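Have the model open and follow along.

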Amino acid sequence: MERMRRVSILGATGTIGCNTLDIIAAHPGRFSVAALTAQDNVEKLAAQARTFGARYAAIANPAHYNELKSLLAGTNIEVAAGPESVLAAAEIECEVVMSAIVGVAGLAPTLAAICKGRRIALANKECLVCAGEMMNAEVEKYGATLIPVDSEHSGIFQLLPINYQPSTINTITLTASGGPFRDLSAAQLKMVTPEQAVKHPNWQMGAKISVDSATLMNKGLELIEAHYLFGLPPDKLAAVIHPQSIVHALVAMVDGSVLAQLSNPDMRAPIAYALSYPERIATPVKPLDLAEIGNLSFAAPDEARFPALRLAKQALEQGGSAPTVLNAANEIAVARFLSGAIGFTDIPSIVEKALESLPHHVPSCIGDIYTLDSDTRRFAEAA
């Protein structure tokens, strides 16, 4: 019998982290918790660490150290704070590291786990978007394993055989719900509010990723991620609008066959597969009843109304620093939209200005990526 898999969760208090703990709780003899981290949600982190008997709990914001230590007093849980404590959590002895820290902040911890040769359940798409070539090189160097957690990439991963040959694939297609505004006109899109944008019709997600889904930037970032995960050129990657979010990925083979992965929209399914791979385990995900659903529909994305997708494709084609600029400018633009400082349609406009204005080069190390990220954020704040 396989030994219990120890899991470290980077970003434990977010949606992915909480769903990961749901799966672990449902399989107590199969998984245990090694380390948990959070940025600021100290009370939730402490409660999770107590409930699951974590060996290590780290809060990235050092201002919360004393509170975390107090909340975990009387336990054997090691407590730490600051960015370096998150790196330590990534390196702690375990079998699986769930990389669920949102944004470029997840890059360094994920690389740290890769350098320890861990299995990485990758829920942070910005890691591959900003540093895909670097990450793939480190994965090969240290014998680590990347298992995608995004529902679309998990679907592709489930469809492809081990050691598949890219030459056998015609096209990989990622599906997009289209978000809450897919039927709005260009004029109506200018009027949408942050409150409307964070209400995704199918998925329960955080504010930032919900806005990315509404602009279709999320799908653009996923196309870039798919390029690095599956080794396919941009012209073999596509996106299609599928409002029901039942089909998550389509793989068209060279013989004319098209393989599809279907399930109800629930992140616990891809999370469970990443934790248990190559086996499958039971989840609370509602069984799929196609007769009850009745119809599945598909449509081409409208890149005129949703230019973020076009910009992401452009960044993928350009390569080098372009995806990092795309990601950083988008993070700032989304934050400005959520704060009410700019409108919804200003988000892709700011991203496009950043791609056109900032110098293009090929980052040679993680320091280059952080510098480019910072420069782009300053530009996007002022744009």
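## Strands and sheet

Let's start with strands β2 (residues 31-38) and β3 (residues 56-59), which run parallel and are joined by 4 bridges. Strands here are DSSP runs of E with at least two residues, helices are runs of H or I with at least four, and both are numbered from the N terminus; two strands pair if DSSP finds at least two bridges between them. In this pair, A35 stands opposite Y56 of β3.

This is a predicted model, where local features need pLDDT of at least 70, side-chain atom pairs count only at pLDDT 80 or more, and totals for chains, interfaces and linings use all residues. Residues are numbered from 1 along each chain as its sequence is written, and side-chain values use heavy atoms, leaving out hydrogens and water.

Zooming out, the open sheet has 7 strands in the order β4-β3-β2-β1-β5-β6-β7, with parallel pairing. β4 (78-81) and β7 (145-148) each have a single partner strand, so one side of each has no neighbour in the sheet. From one strand to the next, the twist averages 20°.

## Helices on the sheet

Helix α6 (residues 125-142) packs on the sheet, where it touches β6 (119-122) and β7, and its direction makes about 145° with that of β7. Axes are lines fitted to C-alpha atoms, for helices over the stretch in contact, with angles from 0 to 180 degrees between N-to-C directions.

Helix α12 (residues 268-276) lies across β1 (5-10), β2, β5, β6 and β7, and runs at about 175° to β6.

## A look at S99

S99 belongs to strand β5 (residues 96-99). With a relative accessible area of 1%, S99 is buried (under 20%; exposed is over 50%, partly exposed in between, with a 1.4 Å probe and protein chains only). Beyond its neighbours within four places in sequence, S99 is in contact (heavy atoms within 4.5 Å) with L10, T110, I120, A121, L122, A123 and N124.
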